Amino acid sequence: MNVFSQEITIPCYDTDMNFLLKPASFMNMAQEIANRHAAVLGFGYDDLERTRTAWVLSRMHFRFLRHPKWRDKVVLNTWHKGSERLFYLRDFRMEDENGNPLVAATTSWLILNIDTRRISREVSLEPYDNTSCKENALEESCGKITMPAGLEKEPAGVHKVTYSDVDMNGHTNNAMYIVWAMDALDYGITSGKPVTDVRINFNHETRPGDIVELYRAVREEGDSCICHIEGQVEGNSAFCVELSFMNK
């Protein structure tokens with residue numbers, strides 16, 4: 001089962017005021033189908049837990065080719081592509097009922113030791129090479145994202161990590177960083193300009209009680225509004241995201 005698929009009807013609670021699928025909602029959907037596919041293949045959550053390890057999302061890039069809307073019936077596909085240096089790669093493609101592409105995504109994962117919180121090299125996916133698919137949803141894996149040099153960043157608020165942010169691994173769920181990033185921008189941008197492209201690096205986990213200081217930098221580039229948002233804990237980068245919005 002090299003490509004795993006799931007049919008989804010876009011629910012109202014995963015859409016915004018324009019009835020469009022929220023970026024964080026797509027991330028949650030991708031996270032769930034990745035877990036399900038990994039479990040089918042034999043390297044899911046329960047399999048890794050036996051060795052005190054877990055999957056951790058490190059980088060993600062996704063692009064809205066056409067925005068899914070409330071009540072749309074879609075198909076979400078995923079496949080793993082094997083390893084690239086320390087990373088394990090997994091791609092996603094969301095399509096409409098007729099097979100037309102809606103969202104394309106690529107992700108880079110690490111295997112973390114649950115006890116030490118360090119990268120584990122004891123688990124290998126080499127035995128599962130025959131279950132991989134080398135097709136690219138996006139041509140390149142997500143690179144490093146940083147606040148751009150020469151562009152002044154400004155404070156954009158503070159967030160304390162609490163119950164609603166935390167996942168079953170005891171740290172912030174990856175989709176919540178996009179929620180924080182979207183909320184750190186002016187409402188006129190997020191409500192009036194559709195998101196076209198999202199790139200995010202998860203640099204350091206955050207846990208309950210952490211105080212995350214948010215910074216933003218915004219620039220216009222052609223027909224796009226490019227926003228960088230970084231979250232820091234005690235001066236160290238926890239995440240950095242680049243969001244592209246289409247100027248209407």
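Me: Which elements each supply at least two residues of the lining of the largest cavity?

Reply: A cavity is a space where a probe fits but cannot get out. In this predicted model, at least two residues of the lining of the largest cavity come from each of helix H1 (23-41), strand S3 (73-84) and strand S4 (87-96).

Me: What volume does the largest cavity have, and which residues are the closest to its centre?

Reply: The volume of the largest cavity is about 140 Å³. Its lining is made of 15 residues, and Ala-38, Phe-43, Trp-55, Arg-90 and Trp-109 are the closest to the centre.

Me: How do the residues of that lining divide into nonpolar, polar and charged?

Reply: The lining of the largest cavity has 9 nonpolar residues, 4 polar and 2 charged.

Me: How many cavities of 30 Å³ or more does the count give?

Reply: The count is 2 cavities at that cut-off.

Me: Which residues line the second largest cavity?

Reply: Its lining consists of Met-27, Ala-30, Gln-31, Leu-57, Met-60, Phe-92, Thr-107, Trp-109 and Asn-174. Trp-109 also belongs to the residues closest to the centre of the largest cavity.

Me: Which element gives the most to this second lining?

Reply: That is H1, with 3 residues. H1, strand S2 (53-64) and strand S5 (101-113) each contribute at least two residues to the lining of the second largest cavity. By class, this lining holds 6 nonpolar and 3 polar residues, with no charged ones.

Me: Now the pockets. What is the volume of the largest pocket, and which residues lie nearest its centre?

Reply: A pocket is an open set of points, unlike a cavity, from which the probe cannot get out. The largest pocket here has a volume of about 730 Å³. It is lined by 32 residues, and those nearest its centre are Val-56, Leu-57, Leu-112, His-171 and Glu-205. Two or more residues of the lining come from each of H1, helix H2 (45-49), S2, S5, helix H3 (174-183) and strand S7 (195-202).

Me: Where does the largest share of that lining come from?

Reply: S2 provides the largest share, 7 residues. Sorted by class, the lining of the largest pocket has 15 nonpolar, 13 polar and 4 charged residues. Leu-57 is among the residues nearest the centre of this pocket, and Leu-57 also lines the second largest cavity.

Me: What volume does the second largest pocket have, and which residues lie nearest its centre?

Reply: The second largest pocket has a volume of about 490 Å³. Of its 27 lining residues, Asp-16, Lys-22, Pro-23, Ala-24 and Met-182 lie nearest the centre. At least two lining residues come from each of H1, H3 and helix H4 (187-192). H3 gives the largest share, 5 residues. The classes here are 14 nonpolar, 7 polar and 6 charged.

Me: Turning to the backbone, what is phi of Arg-71, and where is Arg-71 placed?

Reply: Phi of Arg-71 is near 80 degrees, a positive value in a residue other than glycine. Arg-71 sits in the loop between S2 and S3. Its relative accessible area is 56%, so Arg-71 is exposed, the cut-off for exposed being over 50%.

Me: What is phi of Glu-234, and is Glu-234 buried or exposed?

Reply: Phi of Glu-234 is near 50 degrees, again a positive value in a residue other than glycine. The residue is in the loop between strand S9 (224-233) and strand S10 (236-246). Glu-234 counts as exposed because its relative accessibility is 76%.

Me: How many helices and strands does the chain have?

Reply: It has 4 helices and 10 strands. Their order from the N terminus is β-α-α-β-β-β-β-β-α-α-β-β-β-β.

Me: How does the radius of gyration of the chain stand against that of a compact globule?

Reply: For 248 residues a compact globule would have a radius of gyration near 18 Å, and the chain agrees, with 18 Å. Along the principal axes, the C-alpha atoms fill a box of roughly 50 × 45 × 35 Å.

Notes:
Residues are numbered from 1 along each chain as its sequence is written. This is a predicted model: local features need pLDDT of at least 70, side-chain atom pairs count only at pLDDT 80 or more; totals for chains, interfaces and linings use all residues. Side-chain values use heavy atoms; hydrogens and water are left out. On a 1 Å grid over the protein atoms alone, a cavity is a set of points where a 1.4 Å probe fits but cannot get out, and a pocket is an open set with protein on both sides within 12 Å along at least five of seven lines; lining residues have an atom within 4 Å of a point. Grid points are joined across faces, edges and corners, and a volume is the space filled by probe spheres set on the points. Ala, Val, Leu, Ile, Met, Phe, Trp, Tyr, Cys and Pro count as nonpolar, Asp, Glu, Lys and Arg as charged, and the others, Gly among them, as polar. Buried means under 20% relative accessible area, exposed over 50%, partly exposed in between (1.4 Å probe, protein chains only). The radius of gyration is taken over C-alpha atoms; the globule rule is 2.2 Å times the number of residues to the power 0.38.
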